[in-house]
Amino acid sequence: KQWYQRRVRGLMELFHQGYPQRFSKCTFIRALKRLGVYRRVLKKQVIIRDANLLKRRKWCRARRRWNLSDWEKFIFTDECQVVINKEGKVRIWRTKDEKGRPYLVIPQHERKVSLMIWGCITKAGVGTLGRIKGYVNSTKYIQIIDEKIWPVIAKEFPDENYTFMHDNARPHVSRQTMEWFDANGLKYSDWPPQSPDLNPIENVWRYMKKMLKDKEASITTEDQLWSELVATWNSIPPNFIHQLYSSLPKRVGEVVKMKGQLTKY
């Protein structure tokens, strides 16, 4: 095993191979903490295929010298699955005597509520938000784009100097979708595979899910979840979106530096 995957006893044995002096487990843990080493849950992350590492790096190198004004032309879009209380846990404040009280119990069958949504952002802030019912195929994706994207373009890009951006999900890049884009004059760009860290709307989804945490206990239906999502979406400050756009030059530079690996974003 790598040293970072070992338990404390295993680390101590590894250490004693080159340092014979013995000491307790607690002393060893304190020493690790003084060095800034702590035991944490291993983060799950998508492993990028070698071919996609090259594609990510090539795409970012071609845009490494872009400034903020170049990125401000982009409309970033994505779908997101929102699941309320997937783990069935809602944390509350209560006294010892209140355990099991009816007003502090949630019926199990009401707890899991899920919605698929679509949204887009521009340099000015959030754009339109859409509720998706059922499976997303090319036909449904085209319907979503046709309904939701043109009002954003008309409002934020009256000169039509924009670039539509989405990832490489199958409905996004199917022949049917691409033919519709070309026939309707939607200006789009290519996108590197396995690159959620380059799409700032991913940060928006995380922000929204965090904001919903305190409201989980009161959401029991899809309609309630949708209402909360719309309210949260409309409350996102434009400055937050502007900060995400401002990070794009750093993001592409970081991908090049990391040789195509996923970055902290």
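The model is predicted. Its chain has 265 residues, and 38% of them count as buried. The secondary structure consists of 11 helices and 4 strands. Of the contacts between residues at least 6 apart in sequence, 75% link residues that are at least 24 apart.

Attention now turns to one pair of helices. Helix α5 spans residues 138-156 and helix α7 spans residues 175-184; their axes come within 9 Å and cross at roughly 30°. Because angles under 35 degrees count as roughly parallel, α5 is roughly parallel to α7. The crossing of the two helices is right-handed. On the α5 side, the contact is formed by S138, T139, Y141, I142, I145, D146 and W150, which meet Q176, T177, W180, F181 and N184 of α7. Sorted by class, this contact of α5 with α7 comprises 6 nonpolar, 5 polar and 1 charged residues.

Two loop residues deserve a look at their backbone angles. E160 is not a glycine, yet its phi is positive, at about 60°. This residue sits in the loop that runs between α5 and β4 (163-165). With a relative accessible area of 46%, E160 is partly exposed. Q194, also not a glycine, has a positive phi of about 50°. Its position is in the loop between α7 and α8 (201-212). Q194 is partly exposed as well, with a relative accessible area of 23%; residues count as buried under 20%.

Key:
Residues numbered from 1 in each chain as written. Predicted model: local features only at pLDDT ≥ 70, side-chain atom pairs only at ≥ 80, totals over all residues. Heavy atoms only, no water. Buried < 20%, exposed > 50% of the residue type's maximum accessible area, 1.4 Å probe, protein only. Contact = heavy atoms within 4.5 Å. Axes fitted to C-alpha atoms, helices over the stretch in contact; angles between N-to-C directions. Parallel < 35°, antiparallel > 145°, perpendicular 65-115°, else oblique. Left-handed = near helix turned anticlockwise from the far one by under 90°. Nonpolar A, V, L, I, M, F, W, Y, C, P; charged D, E, K, R; others polar.
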